[in-house]
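This report goes through one structure, from the overall build of a chain to single residues. Keep the sequence and the 3D view at hand while reading.

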Amino acid sequence: MSESGSYYVPHGSKWPIIATIGVCTSMVGGSSLLNGNDIGKYILAIGIAMVIFMIVGWFNTVICESEQGMYDEQVDSSFRWGMIWFIFSEVMFFAAFFGALFYVRTYSLPWLGGEGAGIATNTFLWPEFENVWPLTANGPGEIGGAFKTMGAWGLPALNTAILLTSGVTLTWAHHALKEMKRIQLIIGLALTVALGAIFMYFQALEYGHAFNDLNLNMGSGIYGSTFFMLTGFHGFHVTIGTIMLLVVLGRSIYGHFNPKNHFAFEAVAWYWHFVDVVWLGLFIFVYWI
Amino acid sequence: MSSVVKDTHHDEHPSGIMRWITTTNHKDIGTLYLWFAMIMFFIGGLMALVIRSELFQPGLQFVDPQFFNSMTTMHALVMIFGVVMPAFTGLANWMIPIMVGGPDMALPRMNNWSFWIMPFAFSMLLSTLWMDGGAPAGGWTLYPPLSLQTGDAFPFLIFAIHFMGLSSIMGAINIVATILNMRAPGMTLMKMPLFVWTWLITAFLLIAVMPVLAGGVTMLLTDKYFGTSFFNAAGGGDPVMFQHIFWFFGHPEVYILILPSFGVVSAIIPTFARKPLFGYASMVYATASIAFLSFIVWAHHMFTVGMPLAGEVFFMFATMLIAVPTGVKVFNWVTTMWKGAMTFETPMLFAIGFIVMFTIGGFSGLMLAITPADFQYHDTYFVVAHFHYVLVPGSIFAIMAACYFWLPKWTGNMYPETLGKVHFWLSTFFVNLTFFPMHFVGLAGMPRRIPDYSLQFADYNMIASIGAFGFGFAQIIFLYIIIKTIKGGSKATDQVWEGAEGLEWTLPSPPPYHSFSTPPVIK
């Protein structure tokens with residue numbers, strides 16, 4: 001499509017303003033709900049519906065344009081840079097939560113336990129508090145009920161294996177795409193989606209186990225806070241990634257993509273590997289050590 | 001369904017309001033950003049005048065302390081996220097595609113989304129002024145546990161920050177993609193104008209730290225509504241941890257607010273000194289060094305919070321290191337002017353004003369970097385004086401310089417020169433009248449964010465308040481000049497300024513709707 005010496009510029013679009021209004025409506029609804037106004041949940045529902053409508057519509061537009069061959073190599077390259085830097089911003093978002101985990105384990109908890117300059121805090125506020133990790137008590141103030149921590153070698157270890165395997169099946173599918181083996185591509189993608197779904201199912205089981213058997217929830221001191229925020233945001237990203245994989249699977253069945261033009265596939269693959277790497281960090285620092 | 005624009009003379013677009021709502025054109029979006037920043041500048045300025053009215057005399061006169069605290073908090077949020085950042089993003093939108101010889105931004109639809117988030121996010125933020133419990137009043141730094149006492153405004157505040165963060169990240173991704181991917185053939189990285197370089201580095205900082213702020217405020221939200229203990233020592237967390245997370249964002253953020261100014265000044269000084277910029281490569285390396293250092297100095301905002309000694313010393317020396325690349329920059333600007341054939345049109349006046357007064361702010365920053373000295377200065381008006389010197393005659397002056405510099409290019413008309421100079425001299429006089437006395441009251445111990453003060457600070461506060469009103473009214477001249485220039489004036493040539501060099505000056509004034517439909521030749 002690329003004619004030498006000319007540029008591609010897309011026409012105006014109504015999707016961005018729909019996106020803005022949808023997200024803003026969701027936020028206003030969510031805020032009202034948090035402030036205890038019941039009407040908030042209806043506003044939130046309308047907002048989320050708008051966002052879903054927007055995502056479907058916007059992606060549909062872009063997929064149609066791509067299939068019509070409107071995008072030249074420069075556009076493809078812009079998309080790639082965009083995705084790379086988006087994933088970098090996601091890395092930094094998780095860094096904030098990992099940073100919080102490392103900070104409390106390295107500084108706050110030892111100080112609360114009386115180490116170094118924390119001796120006065122410990123003596124005057126919580127003299128009976130001892131710093132151990134995982135923190136089995138609800139923090140020095142015992143602000144919730146007693147709970148048990150999540151072990152690493154049951155479901156979490158299985159989930160690690162599942163996510164790592166899904167990375168392999170996705171790469172297998174990518175090789176198939178480059179060699180134009182459409183059946184292998186579809187099987188590889190379907191396996192990846194299935195593994196993602198199994199991961200999420202296990203994660204849901206684990207949360208049920210935490211709530212019902214361990215009495216572990218977001219109020220379980222800093223252990224519960226870091227555990228649920230890190231695994232929760234990761235689970236959310238796996239969900240998004242699985243949906244994106246489903247779309248790519250549908251497009252592959254439909255006959256989209258060729259060895260030269262498959263940015264969407266690669267973007268999803270990068271995202272999936274990013275989610276995978278985050279999980280390894282979670283498994284090591286949240287569940288294991 | 002959109003179609004492909006291959007036509008060199010393609011100038012069609014929807015008319016009326018839909019043109020602006022659906023636009024994917026970098027100039028339209030740049031204009032929207034700049035006007036948005038202008039409107040917010042007057043809203044944030046009005047809040048500053050409420051603060052200065054209350055502080056005109058000791059005692060409580062006009063507003064109650066809670067509202068006063070809301071004003072300081074909202075003034076900061078509006079000026080940082082609603083004025084300086086969108087103004088620079090607007091300049092980036094207008095100038096970067098032209099400067100690198102591209103047709104438009106790399107991702108034009110996302111560009112539209114980045115802009116249109118802003119009015120909605122700020123409507124959410126400003127609406128909190130009318131809510132139960134009032135607008136956020138715990139300071140823009142949102143330190144817990146104080147910020148957790150905010151009323152109904154709290155979730156609106158947090159989501160508004162998420163929303164504008166989303167806008168900033170997408171805007172920054174777009175700028176990086178544009179610079180890396182849309183350069184005309186032959187436009188190597190080391191041929192790019194410094195404004196493009198400083199924005200590339202700024203965009204990297206934005207992508208790196210805005211998500212960290214999003215994470216930090218999310219923790220605030222879950223601490224308040226979902227029972228987590230991130231900033232609650234009784235649950236094993238630590239309120240000081242918020243300060244670490246916040247300033248890990250906050251310090252790179254202050255360079256996000258100033259690095260594009262360096263780019264603007266590096267474009268203006270050579271033009272009016274009629275000499276090439278001295279030390280181009282060292283300017284690039286200095287900018288990159290400042291960006292690197294910005295990640296390892298955050299705790300100098302929290303020297304008095306009770307950190308281990310090793311931390312205090314490390315952050316003190318790392319902070320002082322920043323003076324080296326910044327000094328390189330100031331040296332290069334001064335050396336560029338040395339023996340130049342200088343003229344002093346309005347943009348040049350603002351650029352020189354920037355160098356002098358930003359450097360004053362830099363020096364007081366160096367004083368604050370010294371840990372033992374900071375124990376005296378911390379949370380006083382000395383800090384207020386310091387960061388207003390780098391932000392008002394720093395960032396804001398650079399934005400104004402950029403407006404005067406490129407306004408003839410954008411509109412095709414020359415602005416009224418005499419009136420521009422009047423605007424500069426009034427602004428410069430009043431900005432110093434406002435902020436210079438704050439050094440003295442600060443050193444004498446007047447704390448910030450307090451609506452009342454001890455009698456001995458009365459004289460300087462009165463002077464500062466007079467200065468603030470003078471500065472505020474001087475900006476009406478700025479608004480008048482811009483509107484007048486858009487409406488008409490003597491026609492500008494393509495090159496506009498005698499000494500101007502760069503791709504933007506090869507295009508007609510105003511430039512065509514799609515800047516370069518075919519890649520220009522770079523020498």
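Along its sequence, chain A follows the pattern α-α-α-α-α-α-α-α. Its secondary structure amounts to eight helices and zero strands. The model is a predicted one. Taken along the principal axes, the C-alpha atoms of chain A fill a box of roughly 75 × 45 × 40 Å. Chain A has 289 residues, and 38% of them are buried. Among the contacts in chain A with a separation of 6 or more, 68% are between residues 24 or more positions apart.

**A pair of helices in chain A**

Two packed helices are described by the angle between their axes and the distance between the axes. In chain A, the axes of helix 7 (residues 221–254) and helix 8 (residues 263–288) come within 10 Å and cross at roughly 155°. Because angles over 145 degrees count as roughly antiparallel, helix 7 of chain A is roughly antiparallel to helix 8 of chain A. The crossing of helix 7 past helix 8 in chain A is left-handed. On the side of helix 7 of chain A, the contact includes A:Phe227, A:Leu230, A:His234, A:His237 and A:Arg251. Helix 8 of chain A contributes, among others, A:Phe265, A:Tyr271, A:Trp272 and A:Trp279. By class, the residues of this contact between helix 7 and helix 8 of chain A are 16 nonpolar, five polar and one charged.

**Where the chains meet**

How many residues does the contact take from chain B and from chain A? It takes 63 residues from chain B and 60 residues from chain A. On the side of chain B that touches chain A, at least two residues each come from helix 1 (17–22), helix 4 (108–127), helix 5 (153–181), helix 6 (194–225) and helix 7 (239–273) of chain B. That side of chain B has 37 nonpolar, 21 polar and five charged residues.

**The nonpolar core**

The largest nonpolar core has 241 residues. Within this core, B:Met124, B:Phe163 and B:Ala401 have the most contacts. Helix 13 (residues 381–411) of chain B gives the most to this core, with 22 residues. Leaving aside neighbours within four places in sequence, B:Phe163 is in contact with A:Val23 and A:Met27 of chain A, and with B:Ile117, B:Phe120, B:Ala121 and B:Met124 of chain B.

**Backbone details**

Most residues other than glycine have a negative phi, and most peptide bonds are trans.

Positive phi values come next. A:Asn215 has a positive phi of about 55° although it is not a glycine. A:Asn215 lies in the loop between helix 6 (182–214) and helix 7 of chain A. Is A:Asn215 buried or partly exposed? With 15 other C-beta atoms within 10 Å, A:Asn215 is partly exposed.

In chain B, the phi of B:Arg449 is near 60°, a positive value in a residue other than glycine. B:Arg449 is found in the loop between helix 14 (417–443) and helix 15 of chain B. B:Arg449 counts as partly exposed because it has 16 C-beta neighbours inside 10 Å.

Definitions and conventions. Residues numbered from 1 in each chain as written. Chains lettered and ligands numbered in written order. Predicted model: local features only at pLDDT ≥ 70, side-chain atom pairs only at ≥ 80, totals over all residues. Core = buried A, V, L, I, M, F, W, Y, C linked by C-beta atoms within 7 Å. Buried ≥ 20, exposed ≤ 12 C-beta atoms within 10 Å, placed from the backbone. Helix = DSSP H or I, 4+ residues; strand = E, 2+ residues; numbered from the N terminus. Contact = placed C-beta atoms within 7 Å. Axes fitted to C-alpha atoms, helices over the stretch in contact; angles between N-to-C directions. Parallel < 35°, antiparallel > 145°, perpendicular 65-115°, else oblique. Left-handed = near helix turned anticlockwise from the far one by under 90°. Nonpolar A, V, L, I, M, F, W, Y, C, P; charged D, E, K, R; others polar.
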